[in-house]
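Subject: Structure handover

Hello,

Here is the structure for you to look at. My notes follow below it.

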Amino acid sequence: GQPLGPRRLSLRPVPKVPNMEAFLREAAVKVKQRARGCLAPELCLQAVRAATETPFAEGVRRERELFRVLLSSGQARALQYAFFAERAVHRWATPAGASWSSAAPQPVRKAAVIGLGTMGRGIVTSLVKASIPVVALEQDLEYLNKGRKAVMLLLEREAMKMEGGAQSLDFHNPARLQFTVDFDLLHDVDLVIEAVFENMALKKEIFHKLSKICKPGALLCTNTSALNIDEIASATSCPQQVIGTHFFSPAHVMRLLEIIYGRHTSPTAIATAMQLAKALKKVGVVVGNCFGFVGNRMMFPYVQQAVFLLEEGSRPEAVDQVLEDFGFKIGPFRMSDLAGLDVGWRSRQGQGLTGPSLPVGTPARQRQGQRYSPLPDLLCEHGRFGQKTAKGWYRYEKAGGRTATPDPWLHSFLSHYRDTHGIRARFIDQEEILERCLFSLINEGFAILAEGIASGPEHLD
């Protein structure tokens, strides 16, 4: 029998919650760590704070102000650009006139992966997750068993993240995933991805074998990160079927798939590789053939500047910190340790930039008339390959460990290196670190566009 009166929630006072200040402070620290350099998550937190401290109408007003700040921000424009750029890259074209509108893909009902190192394992995992039956091949039983164990572990982890768990992946079924050392089992696959290490002679030998064993229409893909697609294709009788499918490490996580066409690659092969990217839930980007293609070619000068900064007086943790605070998920030195320093070392040895084929009397810090830093080579000579050996630019708790700790050994190594080469260490500020790394990355991007290796800035971005 009592009057109900106004019961509108928004008119009631905001209850005072104990420890709210401490809770919001802690949340702010977490948000800053998770979304480095990103404006929106921090402003969302400010909106929540306003809701706890002020009456409803005022909280909503504050939220609207914050939203307006985001609406007109450079970050919003950049995210909108990235959203549309990601969709624009599906519409690919080559200078020879092939394009997405006229080329039709072949179906991929069964695939094979050659080599079960870090990259091969991730690629097998991606294919299994996309429900494409896979044959995984290694050179001998020892490597095969090691690779099998690692792949199964990855798949079990992936299955745990999925609804329906391991049943949905069904990776214990040999019809879905088969491990072998026998090349002849590849006779009926629609597509092969070669993922052995960066050695041209080895890749050519494998492709020569594949062109004899695989059925005539099978697509022959190489996961090379820098080597010449045309030279690899020259070892086959079907260069039109050869294409680069460069996955990024870890291959089952990273969404980018760089698709590289050679001089003879057919439009059907490009369309099939793009269709594969879609099936794997990756963003396929079609680019031309040059050393390092687009991803690595842009990364070389970026990492090179980072190493020059160490020569001149900086430290790995200082450079990484600046780039991570700017918004990169991972700085150049932590990234190198994760990927493995030996990968670049092997590539530089192959190019004759270091190692036994380097002519006697070559200056330590110059190659082909350009400035060069032997620092990464020296680390590899000391057996420091990054996370896999528990030490690289940083120290790790164990081989394969993830937690990077600044290494006093490296600091004294750097100062000894500077003394040897007569370099006077100087203080390098954040601005210089950011500009030297980013501008070299951006400038290389412009050079790639100018050469027509990429067909538009969206492809690079």
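A polar contact here is a pair of N or O atoms within 3.5 Å; within protein, one must be able to donate a hydrogen and the other to accept it, and residues adjacent in sequence count only if both atoms are side-chain atoms. The model is predicted: local features need pLDDT of at least 70, side-chain atom pairs count only at pLDDT 80 or more, and totals for chains, interfaces and linings use all residues. Residues are numbered from 1 along each chain as its sequence is written, and side-chain values use heavy atoms, without hydrogens and water.

Ser211 first. This residue sits in helix α8, residues 200-213 (helices are DSSP runs of H or I, at least four residues; strands are runs of E, at least two; both are numbered from the N terminus). The Ser211 side chain reaches the backbone oxygen of His208 at 3.1 Å. Ser211 counts as buried because its relative accessibility is 17% (buried is under 20% relative accessible area, exposed over 50%, partly exposed in between; 1.4 Å probe, protein chains only).

Now the strands. In β4 (residues 191-194), Leu191 and Ile193 are buried on one side, Val192 and Glu194 on the other. Strand β1 (residues 111-114) runs parallel to β4, joined by 4 bridges (strands pair if DSSP finds at least two bridges between them). Ile114 has Glu194 as its bridge partner in β4. Strand β5 (residues 219-222) also pairs with β4 in the parallel sense, over 4 bridges. There, Thr222 stands opposite Glu194.

Best regards
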